[in-house]
Amino acid sequence: MEFKNVTVEKILNVYFDGNVTSRNIIFEDASIKTLGLMLIGNYEFNTSKKEIMEITTGELDVLIKGENEWKNYKKGTSFEVPENSSFKVKVNKITNYCCSYIDTNG
């Protein structure tokens, strides 16, 4: 995965006492992705925009709000979370990810 002509914010986003971190990548069209790392553990996230999470290394189980079953994701897989929703993760192996934020309002 390689991005060209982007701006990378220097400040690290830190969640869950440093167990989840990410950096914002801003594209020429003003769209944003984050590149992040999740250490082994259980976490819950809320969404304001639709999110597409691509797993670049590692392994985790995901439960999206409104679904009944946990699903497993590994390197090379991805999942989508609707806007104004939430999802839980059980990180089984240290996981690198790329999250794309999709503006569905226009």
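1. Strand 9 and the pocket. In this predicted model, strand 9 is the element that gives the most to the lining of the largest pocket, with 4 residues. The pocket has a volume of about 310 Å³. Its lining counts 17 residues, and Tyr15, Thr34, Phe45, Glu51 and Tyr101 are the closest to its centre. Two or more lining residues come from each of strand 2 (13-15), strand 3 (20-27), strand 4 (32-38), strand 5, strand 6 and strand 9.

2. Sorted by class, the lining has 11 nonpolar residues, 5 polar and 1 charged.

3. The nonpolar core. The largest nonpolar core holds 17 residues. Met38, Leu60, Val62, Phe79, Phe87 and Val89 have the most contacts inside this core. Strand 5 (41-46), strand 6 (50-64), strand 8 (78-81) and strand 9 (86-102) each give two or more residues to the core. Strands 5, 6 and 9 also give two or more residues each to the pocket lining.

4. Valine 89 up close. What does valine 89 touch beyond its neighbours within four places in sequence? The contacts are Met38, Gly41, Asn42, Tyr43, Phe45, Leu60, Asp61, Val62 and Trp70. Among them, Met38, Leu60 and Val62 are, like Val89, listed with the most contacts inside the core.

5. The whole structure has 4 salt bridges. One of them joins the side chains of glutamate 80 and lysine 50, at 3.2 Å from N to O. Glutamate 80 sits in strand 8 and lysine 50 in strand 6, so this pair ties together parts 30 residues apart in sequence. Both partners are partly exposed: glutamate 80 has a relative accessible area of 45%, and lysine 50 one of 25%.

6. Lysine 93 and glutamate 59 meet through their side chains at 3.9 Å, N to O. Lysine 93 is in strand 9 and glutamate 59 in strand 6, and the pair links distant parts of the chain, 34 residues apart. Is glutamate 59 buried or exposed? Glutamate 59 is buried, because its relative accessible area is 15% and buried means under 20%.

7. Glutamate 67 and lysine 71. These two residues form a salt bridge, with the closest N and O atoms 3.7 Å apart. Glutamate 67 is partly exposed, at 35% relative accessible area. Lysine 71 also counts as partly exposed, at 40%.

Methods
Residues are numbered from 1 along each chain as its sequence is written. This is a predicted model: local features need pLDDT of at least 70, side-chain atom pairs count only at pLDDT 80 or more; totals for chains, interfaces and linings use all residues. Side-chain values use heavy atoms; hydrogens and water are left out. A nonpolar core is a set of buried Ala, Val, Leu, Ile, Met, Phe, Trp, Tyr and Cys residues joined through side-chain atoms within 4.5 Å. Buried means under 20% relative accessible area, exposed over 50%, partly exposed in between (1.4 Å probe, protein chains only). Contact means heavy atoms within 4.5 Å. On a 1 Å grid over the protein atoms alone, a cavity is a set of points where a 1.4 Å probe fits but cannot get out, and a pocket is an open set with protein on both sides within 12 Å along at least five of seven lines; lining residues have an atom within 4 Å of a point. Grid points are joined across faces, edges and corners, and a volume is the space filled by probe spheres set on the points. Ala, Val, Leu, Ile, Met, Phe, Trp, Tyr, Cys and Pro count as nonpolar, Asp, Glu, Lys and Arg as charged, and the others, Gly among them, as polar.
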